[in-house]
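Trainee: Hello! I would like to learn how to read a protein model, one feature at a time. Could you show me the way?

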Amino acid sequence: MSTKLDPMDIYDIRSELSDDEAMVKDTVARYVDDKVIPLMQSAFEQHEFPRHLIQEVAELGLLGSSIDGYDCAGLNSVSYGLICQELERGDSGLRSFVSVQSSLVMFPIYAYGSEEQKQRWLPAMAKGEAIGCFGLTEPHGGSDPSNMKTHAKRDGDDWILNGAKMWITNATIADAAVVWAKTDEGIKGFIVEKDMPGFDTQEIENKFSLRASVTGALFFNNVRIPEANVLPGVSSLKGPLSCLTQARYGITWGVIGAAQACLNEVLAYTQERILFGKPLASTQTIQIRMADMSRRITTAQLLSLRLGRIKDKGQLSPTQVSMAKWNNCRAALDIARDARDILGGAGISAEFVPIRHMLNLESVITYEGTETVHQLVVGKELTGINAFG
Ligand code: TGC
Ligand code: FAD
């Protein structure tokens with residue numbers, strides 16, 4: 001039996017999804033087609049995150065979607081991945097917003113927070129009424145967070161926080177920042193609220209990447225933090241790194257969406273573009289390049305689906321996430337760059353999606369651990385030797 005394969009799903013990943021997972025995918029896909037894609041070119045050009053989308057994604061239940069209770073949807077990991085994939089098919093900026101809110105802010109409050117912190121923040125964050133950001137990276141070097149300079153000292157019942165964080169998604173629009181700092185008792189997470197005296201933020205302007213996303217710096221000058229705002233459940237680097245595992249997992253799916261958007265664009269364009277008397281799509285070289293994109297998307301889909309199933313069984317190893325983050329980001333970036341080239345001069349216009357995805361993916365391959373970091377995580381797993389130092 002020969003039926004036509006879906007060019008975006010050559011291995012029929014869809015048939016591996018439960019009815020609930022397929023419904024989540026379709027709902028988010030429709031939303032992205034109707035409400036996100038039409039405005040992303042202009043948002044990117046204007047260097048502006050379309051803030052009204054926060055309410056829309058909240059109403060769809062996409063914020064903290066993996067959390068059980070606290071007004072969150074309690075979806076499984078594969079559903080969270082599919083959400084990331086469909087959102088990033090629109091733009092990495094919107095997926096970033098959802099990743100940060102869900103995996104880097106709501107997750108640590110859920111996993112390491114007190115009951116009072118969970119009650120206070122999680123329902124509000126799920127509804128999009130409170131926005132969060134996650135401060136780990138510092139100006140002097142993000143790949144090695146164990147060398148962080150931001151520190152906090154006990155002062156009576158409070159803590160005094162000093163330092164700075166750099167390249168922080170949502171920095172200037174956040175109501176609360178989950179900030180990781182060194183203390184005499186290990187690395188702790190602090191919920192820093194936007195009006196706390198001594199806390200300041202600054203937007204990073206003139207980005208060529210993730211223009212439809214807010215990125216900024218956080219500054220702490222003797223910020224007095226009550227003990228009630230310290231996450232009680234973790235006191236080591238494992239805290240922030242475990243959050244990264246959640247977010248990196250979502251990114252492995254997200255970049256598939258960006259790559260699909262690029263392949264979709266060149267499949268249509270090369271049918272219409274007539275050169276040397278025939279459609280560009282009929283040349284061997286162009287077919288090989290698009291076949292290669294499809295092969296890499298399919299490989300990425302299989303990795304992410306398998307990863308999601310392992311995660312849902314509670315058997316995920318951070319090394320497995322590193323391998324997929326490395327593979328899928330590299331694949332998506334190469335696909336976007338090649339799609340840009342296949343469009344010729346038109347490829348430099350924002351009217352076609354590849355250059356926007358390509359520029360966004362330059363950030364995505366860097367944040368949440370650079371490609372080198374993930375390669376060295378896999379290298380360490382294979383050899384038992386830590387090559388970072
Ligand atoms: P190392 O000694 O290996 O580990 C310290 C402790 O942490 C544990 N661990 C992890 N746990 C959960 N998930 C992971 N991915 C983990 N990696 C390590 C580890 O088992 C150990 O536990 P224990 O109990 O023995 O203490 O730490 P290291 O200092 O050697 O660092 C290793 C390295 C380089 C892999 C790590 O520092 C790293 O991942 N660096 C990259 C930093 C990074 O990714 N920063 C991202 C910042 S956030 C961001 O970019 C958000 S963008 C979001 C958006 O907009 O979408
Ligand atoms: P560096 O760590 O200085 O690395 C520079 C280069 O050195 C890289 O190529 C790296 O791979 C290489 N390198 C590092 N170590 C080694 C080694 N041992 N051997 C060989 N090469 C090495 N951070 C947050 O905490 N929260 C956020 O919300 C957040 N959002 C972001 C949003 C955007 C748009 C961007 C661009 C970044 C964001 N980041 C965030 C920061 C991001 O996580 C860091 O940029 C990233 O971890 C890399 O850190 P760095 O930029 O300081 O580069």
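Trainee: Let me begin with a ligand: how many Å separate a polar side-chain atom of serine 96 from an oxygen atom of ligand 1?

Mentor: Good place to start, and please keep in mind that this is a predicted model. The polar side-chain atom of serine 96 lies 3.2 Å from that oxygen atom of ligand 1. Two other side chains are worth a look here. Threonine 245 places a polar side-chain atom 2.6 Å from a nitrogen atom of ligand 1, and an N or O atom in the side chain of arginine 248 is 2.7 Å from an oxygen atom of ligand 1.

Trainee: Which residues come nearest to ligand 1?

Mentor: There are 26 residues around ligand 1, and the nearest are Thr169, Thr245, Arg248, Glu368 and Gly369.

Trainee: And ligand 2: how many residues surround it, and which are the closest?

Mentor: Ligand 2 has 17 residues around it, with Thr137, Gly142, Ser143, Trp167 and Thr370 the closest. When you look at such a site, ask whether the backbone or the side chain supplies the atom. For phenylalanine 134, a backbone N or O atom lies 2.9 Å from a nitrogen atom of ligand 2. Leucine 136 also uses a polar backbone atom, 3.0 Å from an oxygen atom of ligand 2. With serine 143, a polar side-chain atom lies 2.6 Å from an oxygen atom of ligand 2.

Trainee: Now let me step back. Into which domains is the protein divided?

Mentor: The division gives domain 1 (13–126), domain 2 (132–229) and domain 3 (238–383). Let us follow domain 1 and domain 3, whose centres, taken over C-alpha atoms, are 20 Å apart. Their contact takes 28 residues from domain 1 and 35 residues from domain 3.

Trainee: What area is buried between domain 1 and domain 3?

Mentor: About 2,500 Å², and carbon and sulfur atoms give 61% of that. Polar pairs are found there as well: the interface of domain 1 and domain 3 has eleven residue pairs in polar contact. On the domain 1 side, helix H1 (19–45), helix H3 (77–90) and helix H4 (92–112) each supply at least two residues. H3 gives the largest share, ten residues. By kind, the residues on this side of domain 1 are twelve nonpolar, nine polar and seven charged.

Trainee: How should I read a salt bridge?

Mentor: Side chains of opposite charge can pair when their charged atoms come close. In this model the count comes to 23 salt bridges, while between domain 1 and domain 3 there are two. Aspartate 91 and arginine 356 make a salt bridge, with their closest N and O atoms 2.6 Å apart. Another salt bridge joins aspartate 71 to lysine 127, with 3.0 Å between the closest N and O atoms.

Trainee: Why does the pair of aspartate 71 and lysine 127 tie together parts that are 56 residues apart in sequence?

Mentor: Look at where each partner sits. Aspartate 71 is in the loop between strand S1 (68–69) and strand S2 (72–73), and lysine 127 is in the loop between helix H5 (115–126) and strand S3 (132–135), so their pairing links parts 56 residues apart in sequence.

Trainee: What can the backbone angle phi show me?

Mentor: Most residues other than glycine have a negative phi. Here, tyrosine 70 has a positive phi of about 55 degrees, and aspartate 71 has a positive phi of about 65 degrees. Tyrosine 70 is in the loop between S1 and S2, and that loop also holds aspartate 71.

Terms used
Residues numbered from 1 in each chain as written. Chains lettered and ligands numbered in written order. Predicted model: local features only at pLDDT ≥ 70, side-chain atom pairs only at ≥ 80, totals over all residues. Heavy atoms only, no water. Domains from an automatic or database assignment. Contact = heavy atoms within 4.5 Å. Buried area = accessible area lost by both parts, 1.4 Å probe. Salt bridge = Lys/Arg side-chain N within 4 Å of Asp/Glu carboxyl O. Polar contact = N/O pair within 3.5 Å; in protein donor to acceptor, adjacent residues only side chain to side chain. Helix = DSSP H or I, 4+ residues; strand = E, 2+ residues; numbered from the N terminus. Nonpolar A, V, L, I, M, F, W, Y, C, P; charged D, E, K, R; others polar. Near = heavy atom within 4 Å.
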